[in-house]
Amino acid sequence: MEKIEHKVTLTKFKSITELNKPDQDLVNLAIEATQNAYAVYSGFHVGAALLLSNNQIITGTNQENIAYPSGLCAERVAAFSAKSNFPKEKILTIAIAAKSEKAKVVDAVAPCGSCRQALIEYELLDKQDIRIILTNDDDEVYIVNSVKDLLPFFFNSKAVKGS
Ligand code: THU
């Protein structure tokens, strides 16, 4: 028997102002993007801002649908848009923010499991860890250095490719 442990380190900042300027800018763009969310069913407006290796910044917002599962989270909207328009560029950082019509967002908004899996695909493809910056309404910030930290033992079976 063997125990396999996975250690995760999050860095917490008490305020956005503790971040370096590029990270602050990215967070502010994610916050700004929440205004463009189409969140008529949940009232939960999510914005994501991605920094690419060519310094381009791509934003995305959650897009909901009357057929609920047909909607998509802000993180995947941003990542798929980035990889559609700049397929060769690596994703370096993603900042995520949310505003709710119903309550204060006290928990830093972390990407859902499907978004983590989608982002890990690009980490592996580009051999580039993606930093994730999480924020809440209290101006607090959490940073993780890799999507793998948020989804240990993710799905990546070589059997799918047949090797
Ligand atoms: N949502 C995101 O866009 N990103 C997340 O990380 C979590 C949830 C969206 C999906 C849905 O439109 C709304 O937030 C409520 O779940």
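This is a predicted model: local features need pLDDT of at least 70, side-chain atom pairs count only at pLDDT 80 or more; totals for chains, interfaces and linings use all residues.

Visitor: Which residue in β6 is the bridge partner of Thr11?
Guide: Ile143. Ile143 also stands opposite Ile133.

Visitor: And how many bridges join β5 to β6?
Guide: Four, and the two strands run antiparallel.

Visitor: What sits between those strands in the hairpin?
Guide: Five residues separate β5 and β6 there. In that hairpin, Asp139 takes a positive phi near 75 degrees.

Visitor: OK, over to β4. Is β4 enclosed or open?
Guide: Largely enclosed by the rest of the structure, because seven of its 10 residues are buried.

Visitor: In which sense does β4 pair with β2, parallel or antiparallel?
Guide: Antiparallel, over nine bridges.

Visitor: Which helix goes with β4 and β5 in a β-α-β unit?
Guide: Helix α3, residues 113–126. The unit of β4, α3 and β5 is right-handed.

Visitor: New topic: helix α1. What span should α1 have, and what does the model give?
Guide: Helix α1 covers residues 21–33, which is 13 residues. At 1.5 Å a residue, α1 should span 18 Å. The end C-alpha atoms are 18 Å apart, which agrees.

Visitor: Which residues of α1 are buried?
Guide: Asp23, Leu26, Val27, Ala30 and Ala33. Buried here means under 20% relative accessible area.

Visitor: Where do they lie around the axis of α1?
Guide: On the same side of α1, because they cover an arc of only 120 degrees around the axis.

Visitor: Why would residues a few places apart point the same way?
Guide: An α-helix has 3.6 residues a turn, so residues three or four places apart point the same way.

Visitor: What do the buried residues of α1 pack against?
Guide: Strands. They pack against β2 (44–52), β3 (57–61), β4 (91–100), β5 (131–135) and β6 (141–144).

Visitor: Last one. What does the side chain of Asn20 reach at the start of α1?
Guide: The backbone nitrogen of Asp23. A side-chain oxygen of Asn20 comes to within 2.9 Å of that nitrogen. Asp23 is also one of the buried residues of α1.

Notes
Residues are numbered from 1 along each chain as its sequence is written. Side-chain values use heavy atoms; hydrogens and water are left out. The expected span of a helix is 1.5 Å times one less than its number of residues. Buried means under 20% relative accessible area, exposed over 50%, partly exposed in between (1.4 Å probe, protein chains only). The arc is that of the directions from the helix axis to the C-beta atoms. Contact means heavy atoms within 4.5 Å. A polar contact is a pair of N or O atoms within 3.5 Å; within protein, one must be able to donate a hydrogen and the other to accept it, and residues adjacent in sequence count only if both atoms are side-chain atoms. Two strands pair if DSSP finds at least two bridges between them. A crossover is right-handed if, with the strands pointing away from the viewer, the path from the first strand over the helix to the second runs clockwise.
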